[in-house]
Amino acid sequence: MRHLAIIAGGKGMRMGEAFPGLPKALIPVGGKPVLQHQLELARAAGVESVTVFAGHLSDKIAAFVGDGARFGLDIRVIVEETPLGNAGLLAASLDALPEQFFVLYGDVMAAVDLARMGAFHLDRGADFTTLVHPNDHPFDSDLIEADADDRVTAIRACPHPDGQHFANLVNAALYAVRRDALRPFQSAGGKLDFTKDVLAGLVARGAGVLAYRSSEYIKDMGAPARLARVEADWRAGKIRLGPAKPRAAVFLDRDGTLNVDRPFIARAADLELIAGAGAALRRLREAGFLLIVVTNQPVIARGEASWAGLADIHHKLEWELGKAGAFIDALYFCPHHPDAGFPGEVPELKIACDCRKPATGLIDQACRDFAIDRAASWMVGDSTRDVEMARRAGLRSVLVRTGNGGADGRYQVGADHVVLDIADAAELIAEAAMASVA
């Protein structure tokens with residue numbers, strides 16, 4: 001994909017006092033305008049041309065980008081005469097856009113592999129692909145629901161009903177678009193919103209809308225507090241373009257490590273976080289780790305829970321972590337069970353597999369998906385099964401005394417460290433990370 005559309009028409013009321021006379025797209029991050037960061041991101045991914053949809057202070061944006069030659073791009077600015085929302089002007093200007101293109105909001109700081117996202121969109125033949133990621137406040141975010149094939153099935157707009165919980169998949173304001181999929185909106189006229197009108201409208205029409213799940217850096221910096229966070233991330237070296245480098249991860253068992261262990265959990269109502277779990281995950285994230293849950297869930301194979309029921313349990317886990325200001329990057333589970341003889345069991349899942357811990361299939365898949373550096377990564381769990389998996393996968397291991405506390409005795413293997421709970425594990429791992437770079 002060789003074209004990027006940047007939506008830069010907002011007035012930036014929240015930033016006006018700090019940056020008077022400056023459109024949001026020209027507010028600096030790390031000493032240069034966020035728009036410049038976006039153009040450099042696009043150029044690095046092979047994008048050749050850019051359309052900037054501008055409104056407020058459009059003359060300053062046009063003066064900054066010129067014809068794009070100094071950025072190695074062909075840039076055109078289209079000016080919004082009357083406010084049309086974040087999608088109205090683009091929809092009315094489809095004939096000025098190529099068959100396939102990216103869309104990025106002008107107040108978003110991103111370090112995303114656009115080429116990889118574009119390949120996902122094109123290879124899957126999607127009409128519209130939205131980048132989604134977890135955050136630490138899903139309860140007040142617009143959320144995306146997607147099935148196992150990444151097809152978007154619903155938009156859950158904020159505010160959310162009391163007592164409900166959804167998957168922590170936040171719409172990140174970066175899209176890959178097939179132009180003609182937007183034709184139904186071209187003649188609509190008036191204001192259009194990408195989430196409430198375009199994205200929701202395409203899902204309602206049964207279009208091919210996909211969720212592209214990513215842990216890459218992408219944040220809105222269009223409010224003073226958010227800009228401060230992005231600036232802090234820049235200074236800390238968290239925002240860097242270029243090929244992804246292997247990252248360190250902490251793999252986490254679920255039952256007995258993050259949530260209170262029970263004989264088996266078959267309903268979301270049965271899930272209760274261990275005290276301090278959210279704060280522990282925040283500590284690990286501050287230390288720079290990816291956070292990935294790996295869990296055996298034979299309740300599926302034994303017929304004790306449905307696929308939808310297990311998804312609801314995991315949504316509850318994400319929701320409760322979000323309430324504590326924490327989130328996980330991904331969750332991988334094994335639904336199999338090797339032993340037959342359970343009433344209501346699912347025969348095709350009663351198999352010996354390579355994903356049931358202590359086998360390393362879940363770890364292997366996560367390492368492929370996230371480019372994980374095993375030598376710098378850890379496994380935290382409450383059983384000797386978790387410790388044995390860590391040994392086989394080449395991870396350092398921490399055994400917590402909550403849950404089984406290692407009393408299962410299935411494998412004669414010793415953990416690298418034994419601590420009281422997830423909070424102590426997080427502190428140990430964070431301190432070890434700090435020591436390694438000292």
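Colleague: Which side chain does Arg2 meet in a salt bridge?

Modeller: Arg2 pairs with Glu48, at 3.9 Å from N to O. By salt bridge I mean a side-chain nitrogen of Lys or Arg within 4 Å of a carboxyl oxygen of Asp or Glu. Keep in mind that this is a predicted model: local features need pLDDT of at least 70, side-chain atom pairs count only at pLDDT 80 or more, and totals for chains, interfaces and linings use all residues. Residues are numbered from 1 along each chain as its sequence is written, and side-chain values use heavy atoms, with hydrogens and water left out.

Colleague: And what parts does the Glu48 and Arg2 pair tie together?

Modeller: Glu48 is in the loop between α1 (34-44) and β4 (49-54), while Arg2 is in the segment before β1 (3-8), so the bridge joins parts 46 residues apart in sequence. Helices (H or I, at least four residues) and strands (E, at least two) are DSSP runs, numbered from the N terminus.

Colleague: Why does Arg2 count as partly exposed?

Modeller: Because its relative accessibility is 45%. Buried is under 20% relative accessible area, exposed is over 50%, and partly exposed is in between (1.4 Å probe, protein chains only).

Colleague: How many salt bridges are there in the whole structure?

Modeller: The search finds 27. Another one is Asp136 with Arg229, at 3.9 Å from N to O. That pair links distant parts of the chain, 93 residues apart: Asp136 is in the loop between β8 (128-133) and β9, and Arg229 is in helix α7 (residues 224-235).

Colleague: What about Arg179, buried or exposed?

Modeller: Buried, with a relative accessible area of 18%. Its side chain meets Asp180 in a salt bridge at 3.2 Å, N to O, and Asp180 counts as partly exposed at 36%.

Colleague: Switching topic, how do β9 and β10 pair?

Modeller: Antiparallel, over four bridges, with β9 at residues 143-146 and β10 at 152-156. Two strands pair if DSSP finds at least two bridges between them. Ile144 stands opposite Ile155 in β10.

Colleague: Which residue of that hairpin takes a positive phi?

Modeller: Asp150, near 70°, in a hairpin with five residues between the strands.

Colleague: Last one: which residues lie nearest the centre of the second largest pocket?

Modeller: Asp255, Asp261, Asn296, Arg385 and Asn404, out of 23 lining residues. A pocket here is an open set of points on a 1 Å grid over the protein atoms alone, where a 1.4 Å probe fits, with protein on both sides within 12 Å along at least five of seven lines; lining residues have an atom within 4 Å of a point. β15 (290-296) and α11 (384-393) each supply at least two residues of the lining.
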